[in-house]
Amino acid sequence: MVHIWYFIAVLGFVQSECPLGWLHFKEGCYLFSKEHLSWYTAQSSCRAHNARLAEVETKDLSDYLISVAKLLDKSVDYWLGGRDDAIDGTWFWSSSDRVFTYSEWGPGEPNGYRYENCVDMFVGHQWKWNDANCSSSQYYICEKKYPVSDQIIG
């Protein structure tokens, strides 16, 4: 009988963690991709994981994602979940349609250059935000809620 309870306790613990390969930070789990995709295909890839492209609404999260990006590779850009293709110059998060209340734009960004309607963390600006062409192929960061378990273990 003790073995059954141990199995249930371990199963409950495993279910309350981020999926394998995802990183936990505060209320979220984050996956830094290992493949280059367009912004739209990256969004679809995140959705296939029951997630979305990362929506960075606080400085703490921005600092965390930048620190991980620096550790993973010194020369890689990452798509985030922001865009302005509905109303040029009005940046919003794609999954919630909320206008940015926080931003971390790099110097001179967003510059509104032609066809640059999606947000990436741009290595050329120390992973500060950049408006980029949504069709370009880049790495990306997926985000999902950290699973909370109301099960008491122990």
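**Close-up views of a predicted model**

**View 1. Strand β2 in its enclosed setting.** Five of the five residues of strand β2, which covers residues 28-32, are buried, so the strand is largely enclosed by the rest of the structure. The model shown here and in the other views is a predicted one. Side chains in a regular strand alternate between the two faces of the sheet. In β2, Gly28, Tyr30 and Phe32 point one way while Cys29 and Leu31 point the other way, and all of them are buried.

**View 2. The strands that pair with β2.** Strand β1, made of residues 23-25, pairs with β2 in the antiparallel sense over three bridges, and within this pairing the bridge partner of His24 is Cys29. The hairpin of β1 and β2 has two residues between the strands, and in this hairpin Lys26 takes a positive phi near 50 degrees. Strand β2 also pairs with strand β8, residues 139-145, again in the antiparallel sense and over five bridges, with Phe32 standing opposite Ile141 of β8.

View 3. Helix α3 runs over residues 59-72, and at 1.5 Å a residue its 14 residues should span 20 Å, which agrees with the 20 Å between its end C-alpha atoms. Because an α-helix has 3.6 residues a turn, residues three or four places apart point the same way. The buried residues of α3 are Leu61, Ser62, Tyr64, Leu65, Ile66, Val68 and Ala69. These buried residues pack against β1, β2, β4 (78-83), β6 (116-122), β7 (128-133) and β8.

View 4. How many cavities of 30 Å³ or more does a search of the whole structure find? The search finds one, and the volume of this largest cavity is about 30 Å³. Its lining consists of Val56, Ser62, Leu65, Ile66, Leu80, Glu104, Met121, Trp127 and Trp129, and the largest share of that lining, three residues, comes from α3. Sorted by class, the lining has seven nonpolar residues, one polar residue and one charged residue.

**View 5. The largest pocket.** About 330 Å³ of space lies in the largest pocket. Of the 15 residues that line this pocket, Glu27, Gly28, Tyr30, Arg52 and Glu143 lie nearest its centre. At least two residues of the lining are supplied by each of β2, α3 and β8, and the largest share, three residues, comes from β8. The residues of this lining divide into nine charged, three polar and three nonpolar.

**View 6. The second largest pocket.** The second largest pocket holds about 180 Å³ of space. Its lining is formed by Gly21, Leu23, Leu31, Phe32, Ser33, Lys34, Leu72, Asp73, Val76, Tyr78 and Tyr139, and these residues divide into seven nonpolar, two polar and two charged.

**View 7. Gln138, a residue in a loop.** Gln138 is found in the loop between β7 and β8. Is Gln138 buried or exposed? At 8% relative accessibility, Gln138 counts as buried, since buried means under 20% relative accessible area. Leaving aside its neighbours within four places in sequence, Gln138 is in contact with Glu35, His36, Leu37, Asp77, Tyr78, Trp79, Asp120 and Ala132. The C-alpha atoms of Gln138 and Ala42 are separated by 8.6 Å, although these two residues are 96 residues apart along the chain.

**View 8. Backbone details in the loops on either side of β6.** Most residues other than glycine have a negative phi, and most peptide bonds are trans. In the loop between β5 (92-93) and β6 lies Pro110, and the peptide bond that leads from Glu109 to Pro110 is cis, with omega near -10 degrees. The loop between β5 and β6 is also the place of Asp97, whose phi is near 60 degrees, a positive value in a residue other than glycine. Asp97 is exposed, with a relative accessible area of 56%. In the loop between β6 and β7 is Gln126, which has a positive phi of about 55 degrees although it is not a glycine.

**View 9. The protein as a whole.** The secondary structure comes to three helices and eight strands, and from the N terminus on the elements run α-β-β-α-β-α-β-β-β-β-β. Buried residues make up 44% of the 154 residues in the protein. Among contacts with a separation of 6 or more, 69% are accounted for by residues 24 or more positions apart.

Terms used
Residues numbered from 1 in each chain as written. Predicted model: local features only at pLDDT ≥ 70, side-chain atom pairs only at ≥ 80, totals over all residues. Heavy atoms only, no water. Buried < 20%, exposed > 50% of the residue type's maximum accessible area, 1.4 Å probe, protein only. Helix = DSSP H or I, 4+ residues; strand = E, 2+ residues; numbered from the N terminus. Pairing = 2+ DSSP bridges. Expected span 1.5 Å × (residues − 1). Contact = heavy atoms within 4.5 Å. 1 Å grid on protein atoms, 1.4 Å probe; cavity = no way out; pocket = protein on both sides within 12 Å on 5 of 7 lines; lining within 4 Å. Points joined across faces, edges and corners; volume = space filled by probe spheres on them. Nonpolar A, V, L, I, M, F, W, Y, C, P; charged D, E, K, R; others polar.
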